[in-house]
Amino acid sequence: MEQNQKSPEEYEAPITEHLSELRIRLFRSLVAIIIAMIGAFTQVDFFFDIFKEPLNKVFPDLKLVALTPTESFFTAFKISFLVGFVIASPYVFYQIWKFIEPALYEEEKKLVVPFVFFTTVFFVSGTLFAFFGVLPLAIRFLLTFGYTQLDVEAMISVSSYISFVIRLLLAFGITFELPVILSLLSRLGLITPETLVKGRPFFVVGAFVLAALLTPPDVVSQVFLAMPLIVFYEISIIMAKILYPRSEKGKASNR
């Protein structure tokens, strides 16, 4: 109890305590994801139809095929994992917050609700943006350009298609967290607005490199991922200018 009343500078937990706390948070997050996965697995046919929708809109006559006896099962497992992770994401983000909470001041600990809310909103927004905006364009570009140029008939395995969808959704969902993370770091006084401004040119280059690494090898999805990142970075600079002075006052009042 006395330890909780100390400031972060006055109390530093040993590394073993940090590792123990990390294991607890990871275990709770994993349990939540597994429970959500089980629920999603019982309705996997419904979610599979949703995942096929972008492909059906662009190429309604194209059928997915299973190339191995186990492909369908593991594809259902992949779908359940993504859906389960999205469902459990608010609780996972809450566990992340609880892990870093001991290092915060009392005023900063009150940010738990905004942190969980906005991380969830931005993560879900990223996945929805990818699903409704990027996926149909990426599928049309990849299939129309590639198969037309080579003059071959498209035959896509269900596993490769679902892996392609999941990779794109997770890439957008995670990268859409950028403004939340940078705003939080600014609020905690760990990043200054000046640092973000100076790092702008490097971030623009890094955004396109990251987009090339996270997305499929097509220009459409890479541009659609890099451009929101750059916009979010500019928003983060504005938020940092608003939040950073408050974090300094909050630290001063708690010392």
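Author: Let's start where two helices touch: Phe48, Phe51, Lys52, Pro54 and Leu55 in H3 meet Val158, Tyr161, Ile162, Val165 and Ile166 in H7. Contact here means heavy atoms within 4.5 Å, and helices are DSSP runs of H or I, at least four residues long, numbered from the N terminus. Before going on, keep in mind that this is a predicted model, where local features need pLDDT of at least 70 and side-chain atom pairs count only at pLDDT 80 or more, while totals for chains, interfaces and linings use all residues. Residues are numbered from 1 along each chain as its sequence is written, and side-chain values use heavy atoms, with hydrogens and water left out.

Now the geometry. The axes of H3 (residues 44–58) and H7 (residues 158–175) come within 11 Å and cross at roughly 85 degrees; axes are lines fitted to C-alpha atoms, for helices over the stretch in contact, and angles run from 0 to 180 degrees between N-to-C directions. That makes H3 roughly perpendicular to H7, the word for angles of 65 to 115 degrees, whereas under 35 counts as roughly parallel. Sorted by class, this contact has nine nonpolar residues, no polar ones and one charged. For that sorting, Ala, Val, Leu, Ile, Met, Phe, Trp, Tyr, Cys and Pro count as nonpolar, Asp, Glu, Lys and Arg as charged, and the others, Gly among them, as polar.

H7 has another partner, H4 (residues 71–100): their axes come within 9 Å and cross at roughly 15 degrees. So H4 is roughly parallel to H7. Touching residues include Ile79 and Leu82 of H4 and Ile162 and Ile166 of H7. By class, the contact of H4 with H7 has seven nonpolar, four polar and two charged residues.

What about the inside? In soluble globular proteins, nonpolar side chains tend to be buried together. A nonpolar core is a set of buried Ala, Val, Leu, Ile, Met, Phe, Trp, Tyr and Cys residues joined through side-chain atoms within 4.5 Å, with buried meaning under 20% relative accessible area (1.4 Å probe, protein chains only). The largest such core has 42 residues, and Phe51 and Leu135 touch the most other members. H7 gives the most to this core, with nine residues. Leucine 135 touches Pro54, Ala130, Phe164, Val165, Leu168 and Leu169, leaving out residues up to four places away in sequence.

Conventions
Angles under 35 degrees count as roughly parallel, over 145 as roughly antiparallel, 65 to 115 as roughly perpendicular and the rest as oblique. Buried means under 20% relative accessible area, exposed over 50%, partly exposed in between (1.4 Å probe, protein chains only).
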